[in-house]
Amino acid sequence: MIDLVALSKDELGVLLASWGEKPFRAKQVHGWLYEKGAADVSEMTDLPKGLRTRLAEETVLGAMDVAAEQRSKDGTVKRLYRLADGKLVETVLMPYADGRRTACISSQAGCAMGCVFCATGQMGFKRHLTAGEIFGQVWRQHVELKARGERLSNVVLMGMGEPFHNYEPVMEAVRRMMSDLGIGARHITISTVGLVPQIERFADEGLQVGLAISLHEATDAARSALMPVNRRWSIDVLLEAVRGYVEKTGRRVTFEWALIHGTNDTVEVAEQLGKRLRGVHCHVNLIPLNPTGGYAGLPSDPGRVEAFVETLGRYGVPATVRVRRGIDIDAGCGQLRERVLEAAP
Ligand code: SAH
Ligand code: SF4
């Protein structure tokens with residue numbers, strides 16, 4: 001079976017040409033898939049019956065099944081998809097009161113980076129997702145929202161996996177989000193653990209796509225204990241690459257910081273961070289830790305969070321506390337899979 005959604009516009013043209021179809025048929029099918037948001041070939045009513053039959057017999061739309069779904073009281077919907085080879089990946093859809101609809105998608109099954117606090121890191125690396133599998137998660141949300149008269153407005157690559165460890169497929173999928181689904185580059189954000197060569201490469205792409213860096217600690221000893229990647233690229237080297245990115249693109253970067261009670265949430269750590277980020281064109285996103293099975297850390301108390309923000313402010317570093325969305329449904333990265341496998345391994 002061919003996954004039609006996994007094909008780029010050119011590949012779709014090549015497939016239909018190989019079936020002896022005229023070029024405008026590929027345009028028609030493309031229009032149905034993306035502008036009109038067809039969820040099934042049977043909806044493509046202006047195609048000749050023969051072509052529709054062949055498409056129905058030889059292709060599928062989006063090669064993934066929903067293995068589990070959870071809905072939060074705050075409207076967040078978390079999905080676990082089963083890929084063609086049985087691997088499980090998560091997508092989260094977050095609706096906001098101002099009308100934004102943000103999809104948080106995965107770039108790999110598992111992750112090789114081994115951050116100790118992360119449920120995906122705890123499971124290890126399974127495999128890279130293809131560009132079609134990455135794009136397919138977004139396409140599916142796009143189609144479902146469209147059917148309800150809503151529009152997918154934003155995408156963040158903050159689900160399972162390290163996007164820059166799967167660089168080319170991620171970039172191909174991002175380009176298709178823009179060209180096929182009309183999602184603006186500024187509404188797409190890639191979050192990375194801090195792979196320096198890829199940050200440098202990304203700076204040269206000439207895209208307005210946002211960049212978020214997972215920092216979480218302000219000294220090398222502390223960061224290496226949480227995030228093994230820090231042993232390869234120290235904080236100094238990482239921040240040098242970030243400065244280069246800001247200089248080249250003129251864009252502000254986001255730093256992600258999971259606040260862990262008594263670990264990286266003290267005023268002393270906030271001061272270390274403030275000193276390091278002073279003068280960097282950035283914003284810090286603070287998010288109280290989502291506890292996971294393989295790590296004993298707990299989220300910070302509200303008082304600590306407030307003091308952390310205030311301290312960063314004294315260094316001129318803007319920081320906001322992110323609301324933990326879908327906390328009642330384990331919406332943290334990798335956590336739904338953990339639950340499902342516990343119930344039925
Ligand atoms: N691999 C990429 C993107 C996926 S993780 C990265 O690490 O940036 C998305 C964000 O969730 C990262 O900032 C990551 O550090 C954070 N995260 C992972 N586990 C978490 C947890 N248990 N609680 C809070 N944030 C977590
Ligand atoms: Fe991988 Fe990101 Fe989790 Fe680290 S935080 S293990 S890089 S998914």
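1. A parallel pair to start with: strands β12 (residues 253-259) and β13 (residues 282-288) run in the parallel sense and share seven bridges. Within that pairing, Ala 258 sits opposite Ile 287 of β13. Keep in mind that this is a predicted model.

2. Now the sheet as a whole. It is open, has 10 strands and mixed pairing, and reads β3-β4-β5-β6-β9-β10-β11-β12-β13-β14 in order. The edges belong to β3 (64-71) and β14 (319-321); each has a single partner strand, so one side of each has no neighbour in the sheet. On average, and ignoring direction, neighbouring strands are turned by 20° against each other.

3. Helix α9 (residues 235-249) lies across β11 and β12, and runs at about 145° to β12.

4. Then there's a helix pair worth a look. Helix α5 (residues 131-147) packs with helix α6 (residues 167-181) at an angle of about 30°, and the axes are 8 Å apart. The two are therefore roughly parallel to each other, and α5 passes α6 in a right-handed crossing.

5. Who makes that contact? From α5 come Ala 131, Ile 134, Phe 135, Val 138, Trp 139 and His 142, while α6 brings Pro 169, Val 170, Glu 172, Ala 173, Arg 176, Met 177, Asp 180 and Leu 181. By type, the residues of the α5 and α6 contact split into 10 nonpolar, one polar and three charged.

Methods: Residues numbered from 1 in each chain as written. Chains lettered and ligands numbered in written order. Predicted model: local features only at pLDDT ≥ 70, side-chain atom pairs only at ≥ 80, totals over all residues. Heavy atoms only, no water. Axes fitted to C-alpha atoms, helices over the stretch in contact; angles between N-to-C directions. Helix = DSSP H or I, 4+ residues; strand = E, 2+ residues; numbered from the N terminus. Parallel < 35°, antiparallel > 145°, perpendicular 65-115°, else oblique. Left-handed = near helix turned anticlockwise from the far one by under 90°. Contact = heavy atoms within 4.5 Å. Nonpolar A, V, L, I, M, F, W, Y, C, P; charged D, E, K, R; others polar. Pairing = 2+ DSSP bridges.
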